[in-house]
Amino acid sequence: MHLLVVAAIAAEAAHVPDDVEVLITGVGKTLAAVQVTRAICEHPHREDLVVVNIGTAGALRPEVTGLHEIGTVLNHDLSAEPIRQLGIDPRERLTLEGGHGTVLASGDLFVTEPAVRDRLAEEAHLVDMEGYAIALACQELGVPVHLVKIVSDNADETAHDWSAAVDGCARELAGWLADFAG
């Protein structure tokens, strides 16, 4: 297995050991999809590559805390139903092998409003801005992928305090990664 750790920003991967390959994509689904696709297509060990996306996420429900291995990821800011009515499968829901029951909603919207959070909480536990794109790129290219997210905020006005929480989150993510790779 050749491990490629993917994070949106360097602060989320700050405690990943130096001998582990890290790709920083930038924020949002488009950047994540392009960067991960390029990295996979150009990777010299593509045949045994495993992608692990680590990062922070907002909790959509009060009881959701800590670190989560994602089992399902949703593209939450896609108008899936109208597309489906046209007879096209929008593939807005992806199931990840080896994941647990946690559902992650990904979108380019930075969620801080209670109404948006509550609507997303009907389908998901966590929200981020890259997970879906990373999972889709990996599935399309036949590369195993794991999404591991840690709660950094409650997807409300506290989300603006994210920078105060990111280092502690990065330490816990690196700990999970050490167990996974070990």
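**Cavity and pocket**

Trainee: How many cavities of 30 Å³ or more does a search of the whole structure find?
Mentor: In this predicted model, a search of the whole structure turns up one cavity of 30 Å³ or more.

Trainee: What volume does the largest cavity have?
Mentor: The volume of the largest cavity comes to about 40 Å³.

Trainee: And which residues line it?
Mentor: The largest cavity is lined by Glu69, Ile70, Leu96, Glu97, Gly98, Gly99, Val145, His146, Leu147 and Val148, which divide by class into five nonpolar, three polar and two charged residues.

Trainee: Which strand gives the largest share of that lining?
Mentor: That is S8, with four residues, and both S4 and strand S8 (145–153) supply at least two residues each to the lining of the largest cavity.

Trainee: Switching to pockets, how much space lies in the second largest pocket?
Mentor: The second largest pocket holds about 210 Å³ of space, and its lining consists of Leu74, Asn75, His76, Leu78, Ala80, Glu81, Glu92, Arg93, Arg119, Leu120 and Glu123.

Trainee: Which helices and strands each supply at least two residues of that pocket lining?
Mentor: For the second largest pocket they are strand S4 (67–75), helix H2 (80–85) and helix H3 (114–121); S4 likewise supplies at least two residues of the lining of the largest cavity.

Key
Residues are numbered from 1 along each chain as its sequence is written. This is a predicted model: local features need pLDDT of at least 70, side-chain atom pairs count only at pLDDT 80 or more; totals for chains, interfaces and linings use all residues. Side-chain values use heavy atoms; hydrogens and water are left out. On a 1 Å grid over the protein atoms alone, a cavity is a set of points where a 1.4 Å probe fits but cannot get out, and a pocket is an open set with protein on both sides within 12 Å along at least five of seven lines; lining residues have an atom within 4 Å of a point. Grid points are joined across faces, edges and corners, and a volume is the space filled by probe spheres set on the points. Ala, Val, Leu, Ile, Met, Phe, Trp, Tyr, Cys and Pro count as nonpolar, Asp, Glu, Lys and Arg as charged, and the others, Gly among them, as polar.
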